[in-house]
Amino acid sequence: MTLPKSFEDYTLQLMGAERFTRLCQALDTPSPVSIRFNPFKTTNEERQSMTFPGHDGERIKQTDKVSWCNEGHYLESRPVFTLDPLLHAGAYYVQEASSMFIDHVIREYVTEPVKMLDLCAAPGGKTTAVRAALPEGSLLFCNEPVKFRANILSENMQKFGHPEVIVTNNYPKDYARSGLRFDVILADVPCSGEGMFRKDEDAVRLWSPQNVEKCRDLQREIIETIWPCLNAGGILIYSTCTYNAKEDEENIAWIAANLGADVLKVPVEDGWNITGPLVGNNPVCRFLPGYTMGEGLFMAVLRKRGEQEEAKENKVREARQRKKEKGKQDHQQPTTAYQQWLKEPVNFHWVADRLVAMPQQWDAYYLQATKYLHILHAGITIGTAKGKDLVPDESLALSTALSTEAFPRWEADYHEALQYLHREAVALPAEMPKGYVLVTYQGHPLGFVKNLGSRANNLYPKEWKIKIAL
Ligand SMILES: C[S@@+](CC[C@H](N)C(=O)[O-])C[C@H]1O[C@@H](n2cnc3c(N)ncnc32)[C@H](O)[C@@H]1O
């Protein structure tokens with residue numbers, strides 16, 4: 001691979017000849033392909049036996065497990081993922097292996113339920129991994145400021161299906177104004193992308209020393225802006241997919257010194273071949289191709305210093321706010337059968353003509369967020385009002401909170417499932433009851449159709465339609 005000359009000079013100096021040579025050799029080999037199973041939607045047996053559609057009808061098999069993430073697996077080659085209904089059902093997520101390290105970090109440092117923010121979250125690779133690793137009873141906000149990327153994040157989080165998630169389309173300054181406070185913040189900041197050189201030709205083309213400096217400045221601005229949203233004693237997880245120390249070690253040292261934080265060591269196994277700091281002594285983690293099987297990644301964990309009193313005051317303030325919001329809610333409870341569509345008790349809210357269900361314990365946070373943030377998805381979208389009817393939403397079909405008895409089900413075969421995801425008409429058996437029917441593939445919900453008897457209207461979202469011709 002031809003690399004920019006000034007990148008080579010700087011990186012050789014930073015890493016030393018041995019590491020740099022190994023990195024360059026690895027960049028001339030293909031990227032490993034890996035996926036991470038959704039533990040809320042798959043059983044052990046499914047995970048062990050799952051294969052993936054290849055070209056010409058062959059099936060692609062799993063090879064090794066990703067050492068630092070229980071649900072992560074490498075594949076023998078790249079499948080045609082779009083042609084796998086199980087991907088669209090949220091049974092797994094396609095993610096390069098190094099990024100799955102977030103699973104290990106969360107399990108190591110988050111052992112109690114928390115409120116967490118993933119600030120730079122699209123398309124949702126780390127967010128879905130975080131949601132799988134967080135203790136149950138945690139609430140996860142995930143955010144992306146770029147609109148079209150935020151929509152992809154929202155789609156991926158709905159497919160993942162966990163109800164204790166709020167997806168927003170905001171800048172860090174909007175969060176700073178919101179008064180919302182978090183125990184854990186992940187900042188997977190926009191960066192110069194050197195770690196993606198092998199996967200993304202644009203990353204090489206757009207690279208320049210000036211861009212590295214611009215990224216460094218933006219990263220500091222992002223962290224400084226979001227810092228007040230982190231409780232004292234809370235954890236900031238900082239990551240990039242770049243190698244240079246300006247965006248990595250130097251920024252960690254800057255955050256620790258200027259904002260007041262301690263850098264925490266993440267225990268790792270020797271066999272994982274993770275590289276430590278290349279500058280200074282802070283205990284940071286680097287994934288270098290040639291050493292670890294995946295792309296380039298940098299990750300560090302910091303604990304915010306400061307009086308725990310501040311955290312206590314925040315808790316009291318939040319409890320007060322919750323009480324205030326609760327008083328306002330009672331009139332919003334619906335009286336209808338829609339409640340039976342879900343397994344657990346929730347609070348319902350109309351957002352224009354859409355009915356949103358929020359797990360009860362998070363209702364106050366949701367209401368506070370609605371005042372300051374642009375919410376794209378929260379909890380479970382139950383459906384859209386159409387006259388007296390409520391048309392069930394795709395988010396409900398994909399949610400792990402959906403009650404299994406709520407709708408009649410139609411199990412599609414492989415070809416029918418692809419036709420459904422392509423938004424084509426599907427033919428239901430004559431004995432299928434009229435009304436809304438849940439379409440499943442290998443038992444996994446894909447979405448709804450409305451069965452009119454003579455035909456069935458396909459309710460799969462237009463924007464999510466698979467684009468490959470069948
Ligand atoms: C490295 S990517 C995130 C990848 C994601 N965490 C994942 O694992 O799938 C960084 C994201 O930050 C977003 N971003 C850009 N400017 C930002 C800003 N000022 N504040 C927060 N996020 C920003 C980018 O649009 C991009 O989606």
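Predicted model: local features only at pLDDT ≥ 70, side-chain atom pairs only at ≥ 80, totals over all residues.
Local features are reported at pLDDT of at least 70 and side-chain atom pairs only at pLDDT 80 or more, whereas totals for chains, interfaces and linings use all residues. Residues are numbered from 1 along each chain as its sequence is written.

The ligand is surrounded by 18 residues, a residue being near a molecule if its C-beta atom, placed from the backbone, lies within 6 Å of it. The closest are Cys120, Gly125, Lys126, Asp188 and Pro190.

Most residues other than glycine have a negative phi, and most peptide bonds are trans. The bond from Ala122 to Pro123, however, is cis, with omega near 5°. Pro123 is located in the loop between strand S7 (115-118) and helix H6 (125-133), where helices (H or I, at least four residues) and strands (E, at least two) are DSSP runs numbered from the N terminus.

Positive phi values occur at Arg423, near 65°, and at Gln442, about 50°. Arg423 belongs to the loop between helix H15 (414-421) and strand S21 (435-441), while Gln442 belongs to the loop between S21 and strand S22 (444-451). Arg423 counts as partly exposed because it has 16 C-beta neighbours inside 10 Å; the class lies between buried (20 or more other C-beta atoms within 10 Å of its own) and exposed (12 or fewer), with C-beta atoms placed from the backbone. Gln442, with 15 other C-beta atoms within 10 Å, is likewise partly exposed.
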